[in-house]
There are 2 protein chains.
Amino acid sequence: MGEVKAAAAKNHAFRRALERMVGPSGVLSSPEDRLCYSFDATTISSVPALVVLPKTTEQVSAVAALAQREGIPVVPRGAGTGFAGSCVPGEDAIALSTERMNRMLSFSPADLRCVVEPGVVNGDLQRYLAGERLFYPPDPSSLEACTLGGNVAQGASGPRALKYGSTKDYVTYLKVVAPDGEVWETRQESRGYDLLSVLVGSEGTLGVFTAIGLRLLPLPTHWRTFLAHFGGLEEASEAVVALSSRGVIPTVLEVMDKVTLRCVEDYLGRPSHDAVGAVLFVEVTGGEEEVKVLSDRIVGIFEEIKSWQFEFATNEEERESLWLLRRSVSPALARVAPTKINEDVCVPRSRLPELMRTVEALAQKHRVRIYTFGHIGDGNLHVNLMTDVRDREEVARVEECADELFRVTLDLGGTISGEHGIGLSKAKYLPLELGPAGMKVLAGVKRAFDPKGLLNPGKIIASRPQDNSTRR
Amino acid sequence: MGEVKAAAAKNHAFRRALERMVGPSGVLSSPEDRLCYSFDATTISSVPALVVLPKTTEQVSAVAALAQREGIPVVPRGAGTGFAGSCVPGEDAIALSTERMNRMLSFSPADLRCVVEPGVVNGDLQRYLAGERLFYPPDPSSLEACTLGGNVAQGASGPRALKYGSTKDYVTYLKVVAPDGEVWETRQESRGYDLLSVLVGSEGTLGVFTAIGLRLLPLPTHWRTFLAHFGGLEEASEAVVALSSRGVIPTVLEVMDKVTLRCVEDYLGRPSHDAVGAVLFVEVTGGEEEVKVLSDRIVGIFEEIKSWQFEFATNEEERESLWLLRRSVSPALARVAPTKINEDVCVPRSRLPELMRTVEALAQKHRVRIYTFGHIGDGNLHVNLMTDVRDREEVARVEECADELFRVTLDLGGTISGEHGIGLSKAKYLPLELGPAGMKVLAGVKRAFDPKGLLNPGKIIASRPQDNSTRR
């Protein structure tokens with residue numbers, strides 16, 4: 001079945017029809033070109049039958065309508081920086097990349113709003129807005145590459161989500177191309193059921209976004225950024241609970257365990273913190289007085305929990321340097337082992353110390369190298385299991401370990417994905433979290449948006465094994 | 001058809017089966033009792049066949065399962081303070097009131113979370129939390145009566161939504177009884193599609209909530225509360241645009257026009273502000289310095305826009321007195337005319353002056369008495385068309401006026417309901433806002449949750465005229 005469809009997609013007449021819609025340069029069919037659209041930041045990959053690069057809503061609509069008529073799956077794609085396989089196309093599918101749709105469509109400072117095309121890079125938007133003394137809070141660590149279309153599809157988060165919330169809290173409007181090519185719109189203010197929130201985080205399975213309205217905020221005038229040293233992960237997480245239980249919420253509160261910290265320091269060529277078991281990376285932003293009061297309070301609480309040293313950024317350059325440490329974690333870890341399974345589990349903050357103990361115990365039990373960092377202020381940890389896909393025996397242990405981690409997380413009242421999404425990599429675990437009743441409603445929602453099931457099939461809701469043509 | 005079903009619901013064996021589930025005192029069948037559950041705060045009403053008052057999730061589940069087997073509609077109900085007819089039951093339906101489910105199930109200050117049953121009254125929760133130096137931001141003006149179940153069903157908002165957002169931003173967990181009685185759960189952190197956000201604001205059409213998890217915030221330590229006088233609505237709305245375009249966001253920013261202000265002053269027996277054309281009611285909350293800086297800035301901007309006088313609350317009693325003025329608007333207006341059509345239109349803030357001019361023009365054109373107040377800081381106005389349902393000629397003019405108001409609002413990029421919901425009263429207008437593609441998805445979502453269409457039928461998605469048994 002997959003092969004028949006792949007043949008259909010590669011059919012000459014079909015390709016010519018696409019070329020008439022998006023121009024000859026908008027259809028890529030060579031093996032080398034298609035390979036570039038076969039993966040994301042996971043270890044999953046699969047080469048699509050064709051790649052299309054539309055420039056307008058009308059082009060996206062025409063491509064979707066044609067593919068639907070021909071029964072060919074369409075898999076939308078941003079920059080491919082995701083951690084769940086959500087944009088990995090099936091071999092029978094068209095990969096639809098929004099990279100050529102990268103304009104700002106409108107900007108209304110009086111309403112604190114802008115509308116962008118999906119291919120705009122998050123970091124480019126941030127720089128533009130900073131010039132206007134505004135900002136867009138969601139800041140995934142891949143912000144120099146990832147696009148807003150991908151951010152919306154994945155419901156992306158980032159360090160600042162602790163204070164400001166995630167993508168979901170900032171999308172005010174979406175123009176959507178339905179799987180059959182119909183174009184429709186929905187707004188934050190739209191009544192009836194909240195379709196906008198369903199689309200945010202839908203991982204490209206319900207519609208293709210061609211215009212995205214965003215809420216903006218005034219750029220804070222002051223900041224204080226520092227690292228606090230702790231003896232280990234458990235103490236660091238106790239410090240987080242202490243802040244949270246007193247209602248003290250900084251803008252950013254990130255953790256790195258000892259091995260992650262050393263790995264990043266090594267990657268950046270910085271001297272290492274040998275005696276440090278874990279660090280918390282803190283940023284407080286706001287008005288001058290507010291920043292001073294809040295950061296002094298945080299330091300005081302940390303000192304009670306035995307943090308013995310603080311490194312404060314004293315100027316913009318030192319602040320950037322601390323941020324670079326945090327943002328370099330992913331590339332740094334890539335050097336430790338060929339394969340990194342990044343499991344972004346999330347628990348209520350009060351359960352963090354328990355989760356930390358579990359992670360350590362699981363690492364020992366399964367003999368797996370684990371690097372832990374992430375948005376601890378939200379209870380959202382990135383537990384990275386390091387391995388090499390070629391080492392089958394180790395991979396089996398890693399998968400058992402991940403499996404157990406998910407079950408413990410759910411027992412602690414948590415979720416299997418704090419921010420990265422379900423995609424292909426966690427689809428088999430989702431029923432554990434939602435139960436049969438929740439999965440039934442989920443499947444009904446998918447049918448409501450995509451009756452033929454041709455838009456990004458197999459993501460979130462796993463395909464049955466017999467027709468799982470997207471997993472290799 | 002409606003009569004056949006009503007007969008089924010009133011059937012003796014059916015009532016006995018319900019009584020076995022919820023106890024004899026949990027089923028009300030006398031005409032007087034049923035009348036009490038026939039209306040909300042609109043002019044729409046319809047007496048249900050039976051009323052049930054369950055105390056537990058298991059009882060709600062049993063009632064739903066039985067009603068589904070018998071093909072009898074179930075209409076969930078909080079305190080009946082809504083403005084859209086969302087909880088008005090059909091004559092063939094069971095009204096399911098959550099009033100006996102009013103316990104707090106858990107309270108975790110360290111996680112800034114609590115879980116409550118749906119019948120807990122918003123104001124009771126606020127008082128409890130204030131004792132713990134915490135608060136729950138959504139504060140509908142009916143907070144002394146309305147329940148959290150109703151708040152979640154309607155996605156309720158309130159004056160503080162400007163700074164803090166609405167109910168949607170604070171619900172973290174829902175235990176849901178499906179229309180067939182199946183019990184399931186969903187959380188803010190749950191992945192897959194965001195079913196929680198679909199349920200919030202679903203007006204009792206997708207499931208009955210039996211436990212509600214809420215996010216809480218630390219109570220701000222300082223406040224500054226004042227009224228600012230303006231020449232008229234247009235100037236007041238220009239002042240709002242001026243704040244918004246400079247990124248100055250107070251906690252509360254409410255407007256009252258001249259007639260509303262006089263009406264409330266009269267109701268409360270206070271001296272009237274004769275020379276004032278409109279007032280803005282402002283509250284700033286936060287840390288001491290933050291409150292001082294922000295409120296001084298607001299006063300400065302207002303003075304530029306020709307506000308000539310300010311009334312500051314200097315102690316907690318005066319602050320309460322200003323809040324009482326705002327919260328008394330609805331009861332005060334009830335004295336002006338027997339029937340008040342409260343249309344909560346909402347536009348982007350920059351379009352407010354235009355909306356204000358339109359409202360005045362429409363009042364003259366249709367010879368309708370209009371009282372305007374509401375959450376102007378959000379662009380959300382309550383435009384009250386005063387009439388008497390017995391005066392058919394005037395009601396016809398009022399409906400034409402409302403119709404035109406909705407169309408203008410949509411032309412200005414707004415929405416027909418800022419916060420009150422669609423229910424019965426706006427169901428016929430929703431297709432204007434969502435278009436055919438949006439309505440198709442909406443109907444699909446309803447089917448995904450409620451395949452037989454027996455939970456609160458005819459709300460949000462209008463019944464076709466021939467089987468509209470809920471509208472009289």
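Two strands count as paired if DSSP finds at least two bridges between them. The model used here is predicted.

**Exercise 1.** Find which strands of the open sheet in chain B stand at its edges.

*Solution.* 
Step 1. Write down the strand order. Seven strands of chain B form the open sheet, in the order 15-12-14-13-17-18-16. Their pairing is antiparallel.
Step 2. Look for strands with a single partner. Strand 15 (310–312) and strand 16 (339–343) of chain B each have a single partner strand, so one side of each is left without a neighbour in the sheet. These two strands stand at the edges.
Step 3. From one strand to the next, it averages 20 degrees.

**Exercise 2.** Describe how strand 15 of chain B pairs with strand 12 of chain B.

*Solution.* 
Step 1. Locate the partner. Strand 12 of chain B covers residues 222–230.
Step 2. Count the bridges. Three bridges join the two strands, in the antiparallel sense.
Step 3. Pick out a facing pair. B:Phe312 in strand 15 of chain B stands opposite B:Phe226.

**Exercise 3.** Identify the strands that helix 10 of chain B lies across.

*Solution.* 
Step 1. Find helix 10 of chain B at residues 258–268.

**Exercise 4.** Work out how chain A and chain B are related.

*Solution.* 
Step 1. Superpose chain A on chain B. This takes a rotation of 180 degrees with 0.0 Å of shift along its axis (RMSD 0.0 Å).
Step 2. Name the relation. The two copies are thus related as by a two-fold rotation axis.
Step 3. Find the C-alpha of chain A nearest the axis. That of A:Val445 lies 2.8 Å from it.
Step 4. Compare the contact residues. Of those in chain A, 100% recur in chain B, and the same surface serves both copies.

Notes: Residues numbered from 1 in each chain as written. Chains lettered and ligands numbered in written order. Predicted model: local features only at pLDDT ≥ 70, side-chain atom pairs only at ≥ 80, totals over all residues. Heavy atoms only, no water. Helix = DSSP H or I, 4+ residues; strand = E, 2+ residues; numbered from the N terminus. Axes fitted to C-alpha atoms, helices over the stretch in contact; angles between N-to-C directions. Contact = heavy atoms within 4.5 Å. Least-squares fit on C-alpha atoms with pLDDT ≥ 70 in both.
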